[in-house]
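Here is my note on how the two chains meet. Please keep the structure open while you read the points.

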Number of protein chains: 2
Amino acid sequence: MNDESNGRSPGARPTLAAVARRAGVSNSTASLAFGGAGPVSDATRERVLTAARELNYAGPDPRARSLRRGRSGIVGVVVEERVRDAFRDPIKLALLDGLSEAIAPLDAGLLLLADTGAASAHIEDASMDAAVLIGCSPRLDESVAALWRRGIPLVAIEGEPADGVLVFSLDNRSATRAVAEHLRALGHERVAIVALPLERVRRRARLTPELEAEGTSNTAIERLAGARDVFPDAGGFVTTGSFVEEGRLAARELLADPDARPTAIIAQSDLLAAGVIRAAEELGIAVPAELSVVGFDGVRVDGLWPYDLTTLVQPAVEKGRAAGRAIVEMLAGGHPVALAFTSEFHLGNTTAPPPPLP
Amino acid sequence: MNDESNGRSPGARPTLAAVARRAGVSNSTASLAFGGAGPVSDATRERVLTAARELNYAGPDPRARSLRRGRSGIVGVVVEERVRDAFRDPIKLALLDGLSEAIAPLDAGLLLLADTGAASAHIEDASMDAAVLIGCSPRLDESVAALWRRGIPLVAIEGEPADGVLVFSLDNRSATRAVAEHLRALGHERVAIVALPLERVRRRARLTPELEAEGTSNTAIERLAGARDVFPDAGGFVTTGSFVEEGRLAARELLADPDARPTAIIAQSDLLAAGVIRAAEELGIAVPAELSVVGFDGVRVDGLWPYDLTTLVQPAVEKGRAAGRAIVEMLAGGHPVALAFTSEFHLGNTTAPPPPLP
DNA sequence: TGCCCTTATCGAATCGATTCGATCCGATTC
DNA sequence: GAATCGGATCGAATCGATTCGATAAGGGCA
């Protein structure tokens, strides 16, 4: 009696075929009645939708649809950190925002692929139409190659250029050089650097030539090089990430010795710079009178008021958008070109000439 | 000549069948040679993998695999905001972290479904094995129902309970009541509230009975109720989100009139509380001597030092983990039960008795 | 009336793998 | 030496939809 009223076995979800049968139309017509692009009379569509409602059918199975269509409606976002760490960084959030804005026409979701070591299997096995690599190191080359073989469009932001990956880069080096020159023009000579992590395994440490040589993190290395272009032997400290607290710890270290105290600190991110300023406050060092501080990124740091950080404003949302647009274009068969973005110097109130020598 | 050396038409990706043909084995054996659970001799497996390498085959197509297996290896995360806003909230990040930790055994990726108004189609059309709703309002009921019809396990954190959704809740009301009682015990009588958004459409405004009545945001409403249990007619201000800057703006408004100034402020999140403290600093009001401030969440607010916020520490990571575990269990056919989490009172140095009346 | 063209519907092939049950073969056991 | 056993391999069905080309029915035009 219930041979067609509610599918075969109880508990089994109804399929499009079941709906079609109940509506008395063919399989293909039923398909058309849902999203399809094809002529269907209003009466028929209504009949199909009614049948669907009666059978409690929730619409075509996305899995089957994506197999047949060859599109899954998913764009992968690969980050080389734990989710929590990755998205505490406002720059990454801004990227994500621009990205999701630009891929809106795809009607796609963003699949978060946090590369937590062993589980890089996800990356190769997830069904996605395209992928964005955010700040990824060459360590992922293998996974990336697998995606590439699969013909998946790949876009990288802030990463080591790799084969077949469209890279959207930033003028990390020249921008940092510009800000360093600003400091030199003000008269600074003893400058220190608070750096982003140089490698995937993070630890706090004084900046040493060895550490610098072994670094794999593109962004940090380029910004370091930019600073070195102007202050070749500035000392510094490597942090474990772009957080205020990290900047504070690094600065306390760098400012500890009153005799060898730098007059300016180049922080590789605004969050780090904010931490440097906090540390200076704690130590009773006036910013900018006794210590100039510059950052990088141009993100509004929540609660830094009344300081207006001198920094390099990078077009993060725009970078994300560009990556998104590139993906849309590639999926449409186009061949977008890589773009290089430039940061804009923002003069705030955290830099000034160094204090006169005693 | 290239009838089998590299698939049919140039540009077409090779399929498992092509690999099998080239390796001289059957379709099914080739499948087994990849991840499969079944006996394959080492020699055969090697032959298949070699053929794959030669054809530049990147492994089984995830789309086909997920159709056949009935699992897509994707867990959806639904938030009712833009990505950027959602994840500026450290609590949500912590949830996400706990979640991704707990679902590790599934080897699944997290599909971000930001509900940006019109595009709620994503939610219904994405192929996922389970979904987590984070802070979602009843507005999504329709989409949720669609998922439910599809038989997808659903878990909600911080949301309105809905049919067929397993809810992991927090003692928002009683915890807030506890902290309010702490303030009353200290002698406070003029207390104000800085509230999270009450509705999806956000705007800054004085808290009014109308606004309260129309609210749809579970968390905000419950915390409000908890405060009202102790201070029935406390005034307040509604913000547009859990950000330091929002707390600052709200507090400037609430502290503007020196004659009607509250002696304590209950902020509905730690970030808001941090903003309140900043505002007090700006206005020259001493915390806690002249103004007590309490928060909610127990997140380390970057850069709040030297204040140690009196707050309610909620087990955010643990909530995420619980949701993840529930999903794993449901996918294995189990029937986990809903859990209610409790927050822990943390006494910091931001509360004190009110100043003596002049 | 006859012809052509459009619109609505249908059948069947297809997307690319997984998996169940059957078959085959060499090795062990009595 | 025959019966049995178990591991390796194969065929074929299946997952659930989409889509192309074909067919049929109706409408307009000559």
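This is a predicted model: local features need pLDDT of at least 70, side-chain atom pairs count only at pLDDT 80 or more; totals for chains, interfaces and linings use all residues.

1. B:Arg63 makes a salt bridge with A:Asp129. The closest N and O atoms lie 3.4 Å apart. Between chain B and chain A the count is two salt bridges.

2. Polar contacts come next. Twelve residue pairs are in polar contact between chain B and chain A, both residues at pLDDT 80 or more.

3. Which parts of chain B each supply at least two residues of the side that touches chain A? The helices are H4 (62–69), H5 (83–87), H6 (90–102), H7 (121–125), H8 (141–149), H12 (244–254) and H13 (270–283). Strand E2 (109–114) of chain B is listed with them. By class, this side of chain B has 24 nonpolar, eleven polar and 17 charged residues.

4. Now the extent of the interface. On chain B, 52 residues are in contact with 53 residues of chain A. The two chains bury about 4700 Å² between them. Carbon and sulfur atoms account for 57% of that area.

5. B:Arg63 returns here, with B:Arg149 and B:Arg150. These three residues supply 15% of the area that chain B buries against chain A. That is more than any other three residues supply.

6. How does strand E2 of chain A run relative to E2(B), parallel or antiparallel? The two run antiparallel, and three bridges join them. A:Leu111 has B:Leu111 as its bridge partner in E2(B).

Note on methods. Residues are numbered from 1 along each chain as its sequence is written. Chains are lettered from A and ligands numbered from 1 in the order in which they are written. Side-chain values use heavy atoms; hydrogens and water are left out. Contact means heavy atoms within 4.5 Å. Buried area is the accessible area (1.4 Å probe) that two parts lose on being put together, summed over both. A salt bridge is a side-chain nitrogen of Lys or Arg within 4 Å of a carboxyl oxygen of Asp or Glu. A polar contact is a pair of N or O atoms within 3.5 Å; within protein, one must be able to donate a hydrogen and the other to accept it, and residues adjacent in sequence count only if both atoms are side-chain atoms. Helices (H or I, at least four residues) and strands (E, at least two) are DSSP runs, numbered from the N terminus. Ala, Val, Leu, Ile, Met, Phe, Trp, Tyr, Cys and Pro count as nonpolar, Asp, Glu, Lys and Arg as charged, and the others, Gly among them, as polar. Two strands pair if DSSP finds at least two bridges between them.
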